[in-house]
Amino acid sequence: MSSKATINRLATGVPGLDEVLGGGLPEFSFNLIAGPPGCGKTTLAHQMMFSLATPERPALFFTVLGEPPLKMLRYQQQFDFFDSEAINQSIRYINLADDTLAGDLDEVLRRIVSEVEMHSPALVFVDSFRSVVLASQTRSNPNNNLPQFIQQLGMLMTTWQATTFLIGEYFTETDTNPIFTVADGLIWLRQSVQRNSMVRKMEIMKMRGQPTLPGLHTFRIATSGIKVFAPAPIARVAAPREFPSKRLKMGVPRLDEMLGGGLPMGYSLLVAGPSGSGKSILAASFLAEGARNGETGVIAVFEQRPNHFQSAVLTDLIRSGQVGLVDSRAPDLSIDEIVQLLLGEIGRLKATRVVIDSLSGFELALAPTFRDDFRESLARMVTALTSLGVSVLMTSELEDRYTDLRFSPYGTAFLTDAIIVQRYIEVESRLLRIMAVVKVRASSHSDELRQYLIDDEGLQIGERLPDQEGLLGGRPTRHRRGDSNG
Amino acid sequence: MSTPSEESCQLAASLMRRIGPDAEIAKVAEATVATLQDMHVALTPVIGQQGVAALYRRSLHLCATQHPHLASICGSAQAAKGLSSLNAVLAEQSQADGLLFGEVLLTTFYTLLTTLIGPSLTARLLRDVWEPSLSDAPSQDISP
């Protein structure tokens, strides 16, 4: 038997938070939930409280100065987690406004201790702790005995085996505040405003003894409460990929042959082309082919209007449940949120084929604050999806440029295992479409530029245009055989 | 204000039970003050003394505007310092006015709180005010 103290981890009941905390909340920890007004501190505290409190492990919620308790109760009960029946059973509110107004921290501490002794809570919340501090500073002694107060409070709560949360409005984490030193955990909530979008972010700045996930994690507040979008875990690859890989049929005649026998399973494929070149049709065929073979798929749509798919086949597949639809119209999306939605659908349908249509629309759907990191975030998303073993097809709008040869507008071509590029060319006063397989990692593939048509059946790949040259320049010229002969 | 809920009617009913069959004004005053005190006790830990005091003052104001003939009692009650003084104010009223005032004030207070924190939480917080008096009923029934 181990002689070391066992630290139990409490499940917070906030989706995604336990992952970010590194496995839940350490029992008996003394924590600070900090951030500017309106960032969700009180909501986070309530959500955890309603999830964790039981009649055997009750919670005390001390309200101090600040938001009037009536208002707090009025607004908090709008959330699904709020259960009126728990009040005065497993959850007890205690108002300390009168004690705090006097500005005597010893008296505040005495009240807290007497209530804690009376109710033996497993969870204690003080909202807002900042107002306790400010009230104490209005007296002649500006520092009062704040460090001692915090130290004593921390010590008392731990010895009473209470997991404690102080909630406070703090704006800068660089303050030399005694609370930051004493606290075992520092959960910092932020709101990032850029242009007219606002994104909520959470950072676990400190959590003693826990391998927390570093960095800023986005979260959303809905009627169900707070949902944190923890980065998707990257599944470890148990064994190197086996060759030859099983190949997936694309559902477009002759394309499999161009890919060297189909798309290797678990690969990511980028289909890049200008507007109207048939990328979405190719994506729909990919999903339809999967459905024909008994596979399920997921499509994340960012461009087309909901329920206005050009492909009737795709609409049917979605209706029949063979393809799951991720169609978040929420503003201020983060990559992690999209990945969570995708993983949820993939898990629900046990999907093997995933389509993201398109990266260009996806970039626009993201909150501006994430656009700078788009490439990096995209890499994370592709890795998270392919590590599950699913095959991913992403479409990307490619501006027709005939002066340079590029395959994606983001420099993301290296991220994907395979690339198909589509282009328009002008031949004899007609706009023709050509397609080529540019890359299939670790596989031979066609190097031909093939003409293709779009008809009611989808893409129809034709032959090369052997008598034309300079196709990638957009204005090919007829290859003059005579020239090569001298 | 919305119409009184079933719970606020129960609160008024519990007032009647506290008063008992012999509704002389002294008993009416005593029972009204006792019920209000129980409400204060139930709510003060949650919303603070000042919060409860503010609700009480607002309830008196609403009573006066909705029942003009109670305006003078409400005015005297507003002027009285605390609930103990309310007892003296009520003792000077007629039995009918005192009874109506007590009933209307409790119902108004309850309904006011309902508009702020919803019926479910209001009932949860104040249930104990009327429920113990249910168990008192039999003893009153057997009294002469």
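**View 1. Strand E6(A), residues 123-127 of chain A, in its enclosed setting.** In this predicted model, 5 of the 5 residues of the strand are buried, so E6(A) is largely enclosed by the rest of the structure. Here, a buried residue has 20 or more other C-beta atoms within 10 Å of its own, with C-beta atoms placed from the backbone. Strands are DSSP runs of E with at least two residues and helices are runs of H or I with at least four, both numbered from the N terminus. In a regular strand the side chains alternate between the two faces of the sheet. Leu123(A), Phe125(A) and Asp127(A) lie on one side of E6(A), Val124(A) and Val126(A) on the other, and all are buried.

**View 2. The strands that pair with E6(A): E4(A) and E7(A).** Pairing asks for at least two DSSP bridges between two strands. E4(A), residues 59-63, runs parallel to E6(A) over 5 bridges, and Phe62(A) has Val126(A) as its bridge partner. E7(A), residues 163-169, also pairs with E6(A) in the parallel sense, over 5 bridges; there, Leu166(A) is the partner of Val126(A).

**View 3. Where chain B touches chain A.** The contact (C-beta atoms, placed from the backbone, within 7 Å) takes 14 residues from chain B and 15 from chain A. On the chain B side, helices H2 (25-66) and H5 (95-142) each give two or more residues.

**Reading the labels.** Residues are numbered from 1 along each chain as its sequence is written, while chains are lettered from A and ligands numbered from 1 in the order in which they are written. Local features need pLDDT of at least 70 and side-chain atom pairs count only at pLDDT 80 or more, whereas totals for chains, interfaces and linings use all residues.

Key: Contact = placed C-beta atoms within 7 Å. Buried ≥ 20, exposed ≤ 12 C-beta atoms within 10 Å, placed from the backbone.
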